[in-house]
Amino acid sequence: MISAQAYGENGKMKEYHYTGPVEHKFSPYAFNGGTVLAVAGEDFAIVASDTRLSEGYSIHSRDSPKCYKLTDTTVLGCSGFHGDCLTLTKIIDARLKMYKHSNNKTMTSGAIAAMLSTILYGRRFFPYYVYNIIGGLDEEGRGAVYSFDPVGSYQRDTYKAGGSASAMLQPLLDNQIGFKNMENVEEVPLTLEKAVQLVKDVFISAAERDVYTGDALEICIITKEGIREEIVPLRKD
Amino acid sequence: MALSCVLEPALSGFNFENSTRNIVLENGSEEGKIKAPKPMKTGTTIAGVVYKDGVVLGADTRATSDEVVADKMCAKIHYIAPNIYCCGAGTAADTEKTTEILSSNLTIFSMNSGRNPRVVMAVNILQDMLFRYRGMIGAHLILGGVDCTGSHLYTVGPYGSMDKVPYLAMGSGNLPAMGILEDRFKANMDLEEAKSLVSDAIHAGIMSDLGSGNNIDLCVITKEGVDYIRPHKESPFNYKRQAKYKYKPGTTPVLTKTVTQVELELLDETVQMMETAGSS
C-alpha cells in the first residue's frame with residue numbers, strides 16, 4: 001500500500017505519525033513582509049513603504065516604517081528580513097559618517113548606491129536578506145531611484161517596487177508612469193502631486209490583496225527643500 | 001476489433017498514481033525544480049457559541065491563496081439542513097464539497113424518514129468520511145444546530161476527531177478569537193450578548209491574523225428558524241482610490257485584423273406552424 005503520509009501537506013503529517021528520525025533545520029532567515037516603492041521625477045523623488053511588520057500569519061508591529069533617512073537628499077527603503085534591515089542600515093550610517101569625516105562632504109545618491117552594492121556583495125555567500133531601493137536627488141538635482149537585489153546587483157530606474165507586493169505594483173507602475181502597453185496616450189511628465197496620489201492609490205490596492213501589506217503608508221518626498229513625510233492609513237485586517 | 005481505449009469505472013478514494021512522478025518533478029531534474037500548484041486555503045477565523053435559545057455561528061470572509069487574497073467576500077458558513085449550519089476552515093475545496101455531500105445525505109435521510117436531521121447525525125457522517133480519508137481532506141469544521149434534543153455545537157477535525165463544547169473557535173485566527181471567548185463567555189446568554197461576543201471574537205481574529213479579514217458573517221439558529229446575516233459587520237476599511245484608472249478605446253494596439261468569409265450552404269428547411277392564442 002502506498003504510504004499516504006509522505007505525500008501529505010508538506011510535513012504537516014509528520015507531527016502526528018512517527019516516520020523515523022527527522023532532521024530539524026535552523027533557518028537564519030525570517031520573512032517579515034512589507035512593501036517598498038520609489039519613484040523619480042524631474043526634480044523630486046518619492047520613497048514610500050507600508051509600516052506593517054509580520055511573521056508567518058502574525059503581526060509583530062503596525063508601526064515599523066521601512067524608509068530610512070540616510071542624508072538630506074537620500075532615503076533608503078528596505079524590506080525582507082527585519083534583522084538584516086536593521087544591521088544594514090547601521091552599517092550604512094557608519095560608512096556615511098566615515099566618508100563625511102575623511103572627505104568633508106556628504107555622500108551623493110549615486111555614491112551611496114555604489115557603496116551599498118559593494119557592502120551587499122561582501123556578503124555574497126551569506127547574503128543580507130533585504131530588498132533595497134534608494135530614492136534621492138542626484139548631483140544635478142534630478143530624481144534618482146536605484147534598485148538592488150539581495151547580493152548587490154543594482155541599476156538606476158525611474159520607478160521600482162520591492163518587497164512582498166512588488167509583483168502586484170510593478171506592472172501598474174509600468175503602465176501609469178512608463179506608459180507601457182498603451183497607445184494613443186499623451187505622455188505627460190510626472191508631477192509631484194500626481195506621483196503622490198498614484199503611490200497612495202497603488203498601496204491601497206496592494207493592501208487589499210496582499211496580506212503582508214497594510215496598517216499605514218509612510219511617504220517620504222525628497223525635493224531640494226528637504227525631506228517631507230506623509231502618513232496615510234491603510235487596511236488593518 | 002479491439003477498442004483502442006477502454007472506459008474504466010472510477011475507483012473510489014484518492015488516486016496516488018502520480019505521486020512518484022510528482023516527487024521526481026519537485027526534487028528537480030537537470031533543468032530545475034517544478035513547484036506543485038498549492039490548493040487554496042481559507043486561512044480563517046470561525047467561531048460558534050451556544051446561547052439561551054440556540055446557536056450563533058460566525059466567520060470572516062477572506063480566502064487566501066498562499067499570501068494573496070483570492071476572495072474578499074467568500075461565504076464560510078455552509079448550509080447543511082434547515083436547522084443545521086456549518087463553518088469551514090482549511091482547504092476551501094474540501095470544506096465546500098464535504099459540506100455539500102453532508103447536506104445531500106441529510107436531505108435524503110429527511111425524505112426517507114420524514115424527520116428533521118439531528119446535529120449528532122451530521123457529526124457522525126462527517127467523522128466517518130474524514131476518518132476514512134486519513135486526514136487527506138483538509139476540512140476543519142464547526143457544526144451548529146438546533147434539533148428536537150436541544151442546541152448543539154460540535155467541532156470536527158480533518159482526521160475525524162470530534163468535540164462537543166459550548167463555545168469554539170477554529171482556523172488560523174482561532175487563538176485571538178478563543179481569547180475573547182474565554183474572557184466573556186457565560187452560559188445562557190441572550191441573543192444580543194451572544195451575537196456581540198461572536199462578532200468580537202471574529203473581529204479579534206481579523207485584526208490579529210493575516211489569514212483572516214474583510215467582513216464578518218453571522219448565522220443565528222433557533223427552534224423557530226435561521227437568521228443568516230451576511231454581512232453582519234462590513235469591514236470599516238474602505239479607503240477609496242483617488243483617481244479613476246480608465247482607458248479610452250484605442251489604447252490597446254490592434255496589430256492585425258483578418259476577416260474570413262464563412263460560406264454557408266442551405267441544407268434543409270422545415271416550417272413549423274405555431275398556435276397563436278387569442279386570435280379573434
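Colleague: In which loop does A:D215 lie?

Modeller: The model is a predicted one. Most residues other than glycine have a negative phi. A:D215 is not a glycine, yet its phi is positive, at about 70 degrees. Its place is the loop between α4 and β11 of chain A.

Colleague: In what order do the strands of the open sheet in chain A stand?

Modeller: The sheet has 5 strands, and their pairing is antiparallel. Its edge strands, each pairing on one side only, are β10 (159–163) and β12 (226–233) of chain A. Neighbouring strands are turned by 15 degrees against each other on average, direction ignored. The order in chain A is β10-β1-β2-β11-β12.

Colleague: Which residue in β12(A) stands opposite A:I222?

Modeller: Strand β11 of chain A covers residues 216–223 and runs antiparallel to β12(A), to which 8 bridges join it. The residue opposite A:I222 in β12(A) is A:I227.

Colleague: At about what angle to β11(A) does helix α4 of chain A run?

Modeller: Helix α4 spans residues 192–209 of chain A. It lies across β1, β2 (45–50), β11 and β12 of that chain. Helix α3 (residues 166–176) lies across β1 (35–40) and β10 of chain A, running at about 170 degrees to β10(A). For α4 of chain A, the angle to β11(A) is about 160 degrees.

Colleague: Which residues of chain A lose the most area to chain B?

Modeller: The contact takes 39 residues from chain A and 39 residues from chain B. About 3,600 Å² is buried between the two chains, with carbon and sulfur atoms giving 55% of that area. Three residues together account for 21% of what the side of chain A buries. They are A:Y57, A:R209 and A:D237.

Colleague: Which residue of chain B forms a salt bridge with A:E208?

Modeller: The count between chain A and chain B is 2 salt bridges. In the one formed by A:E208, the closest N and O atoms are 2.6 Å apart. The cut-off for a salt bridge is 4 Å, so this distance falls within it. The partner of A:E208 is B:K72.

Colleague: Which element gives the largest share of the side of chain A that touches chain B?

Modeller: Between the chains there are 18 residue pairs in polar contact, with both residues at pLDDT 80 or more. The elements giving two or more residues to the side of chain A are β4 (58–61), α3 and α4 of chain A. The residues of that side divide into 16 nonpolar, 10 polar and 13 charged. The largest share, 8 residues, comes from α4(A).

Colleague: Is the peptide bond from B:R230 to B:P231 cis or trans?

Modeller: Most peptide bonds are trans. B:P231 has its place in strand β12 (residues 226–233) of chain B. The bond from B:R230 to B:P231 has an omega near 5 degrees and is cis.

Definitions and conventions: Residues are numbered from 1 along each chain as its sequence is written. Chains are lettered from A and ligands numbered from 1 in the order in which they are written. This is a predicted model: local features need pLDDT of at least 70, side-chain atom pairs count only at pLDDT 80 or more; totals for chains, interfaces and linings use all residues. Side-chain values use heavy atoms; hydrogens and water are left out. Two strands pair if DSSP finds at least two bridges between them. Helices (H or I, at least four residues) and strands (E, at least two) are DSSP runs, numbered from the N terminus. Axes are lines fitted to C-alpha atoms, for helices over the stretch in contact, and angles run from 0 to 180 degrees between N-to-C directions. Contact means heavy atoms within 4.5 Å. Buried area is the accessible area (1.4 Å probe) that two parts lose on being put together, summed over both. A salt bridge is a side-chain nitrogen of Lys or Arg within 4 Å of a carboxyl oxygen of Asp or Glu. A polar contact is a pair of N or O atoms within 3.5 Å; within protein, one must be able to donate a hydrogen and the other to accept it, and residues adjacent in sequence count only if both atoms are side-chain atoms. Ala, Val, Leu, Ile, Met, Phe, Trp, Tyr, Cys and Pro count as nonpolar, Asp, Glu, Lys and Arg as charged, and the others, Gly among them, as polar.
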